[in-house]
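Have the model open and follow along.

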Amino acid sequence: MPRHFRKKPKGRPIDGWLIVDKPSGIGSTDVVNKVKRAFDAQKAGHGGTLDPLATGLLPVAFGAATKTVPYVMDGAKTYRFTLRFGIATDSDDADGKPIETTDARPTDEAIRAALPAFTGDIMQVPPIYSAIKVNGERAYDLARDGQEVVLEARPARVDRFELVERPDADTAVFEVESGKGVYMRSLARDIAKAVGSLGHIIVLRRLSVGPFKESHAVSLDKLLESADTPPSLDLLLPLATALDDIPALAASEQEATRLMHGQALSLVDFMGRVPEAADPMGGLVRVMAGDRFVGLCRLEEGMLVPERLMAVPEE
């Protein structure tokens, strides 16, 4: 299409991360749409879906930050959830319909004894009300249409799964640290079954996503309190903040320019600069030219290979 016929993008060109404290009862996409309108931003996306029932950290990426969304979604996450024993629901949370009940209630000792089996590399069957595609259709759409949904177990990584509180015999509060794609609803369902009961989540909160913590979060109500004035850009975190847990590698401006042109550079030239935490067999590094974030590169066969580079300099 000729340049003079191209549509000018609507909104302001904004780059950076906004960490929203999502309230219960709203979907992640709806939050992104509201925030995008509030900031009058050209482009926005989120770094990891939260169920409508859930509250907590929903990282929203603006502009160039959307390029780093996959790396945020791959990062470690921390959750706290309350499990209600005795009732199984079709969605494995309080938004679903009860499908089975039991009078069995586990002891604290039984719960703690069952937890190690759900820690480490495990296999997990996702909830039928999930965004996983089955023959091209979302599982939750099929389930809502009353169709039978059968999902296969898939690998998941759980680094920590702890019982932190037992308010009463019917409920238990857990904290979980996990990797990408772990369903808290499945953990709740499966731990309840493992201790001879049934269960579903009644409260779920995400406490952290990668380097983002609750201290970074801004409530959705605060962001939307003024319909006439866009929220302050001071609320945004720099683009590279999302990658703070990826080892940093210092590069000269000349090296950065070569990387920006797609050239792979020999790691011999970076002797003494490659961070110890970086995996030499395919690990990622965050390349910095002074304070400027150049992009992400991978260490492969003695070379520094560009993977995701930023056209927008960091301030």
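Buried means under 20% relative accessible area, exposed over 50%, and partly exposed in between (1.4 Å probe, protein chains only). This is a predicted model, where local features need pLDDT of at least 70 and side-chain atom pairs count only at pLDDT 80 or more, while totals for chains, interfaces and linings use all residues. Residues are numbered from 1 along each chain as its sequence is written, and side-chain values use heavy atoms, leaving out hydrogens and water.

**Exercise 1.** Find the salt-bridge partners of arginine 160 and describe their surroundings.

Solution. 
- Step 1: A salt bridge puts a side-chain nitrogen of Lys or Arg within 4 Å of a carboxyl oxygen of Asp or Glu.
- Step 2: Arginine 160 pairs with glutamate 162, with 3.3 Å between the closest N and O atoms.
- Step 3: Arginine 160 is buried at 19% relative accessible area, whereas glutamate 162 is partly exposed at 37%.
- Step 4: Glutamate 177 is also a partner of arginine 160, at 3.1 Å between the closest N and O atoms.
- Step 5: Glutamate 177 is partly exposed, at 31%.
- Step 6: Now widen the view: Arg80, Arg160, Glu162, Glu175 and Glu177 form a linked network of salt bridges.

**Exercise 2.** Work out how exposed the two residues are in the salt bridge of lysine 180 and aspartate 74.

Solution. 
- Step 1: The side chains of lysine 180 and aspartate 74 meet at 3.4 Å, N to O.
- Step 2: Lysine 180 is exposed, at 54%.
- Step 3: Aspartate 74 is partly exposed, at 45%.

**Exercise 3.** State how many salt bridges the structure holds.

Solution. 
- The structure holds 18 salt bridges.
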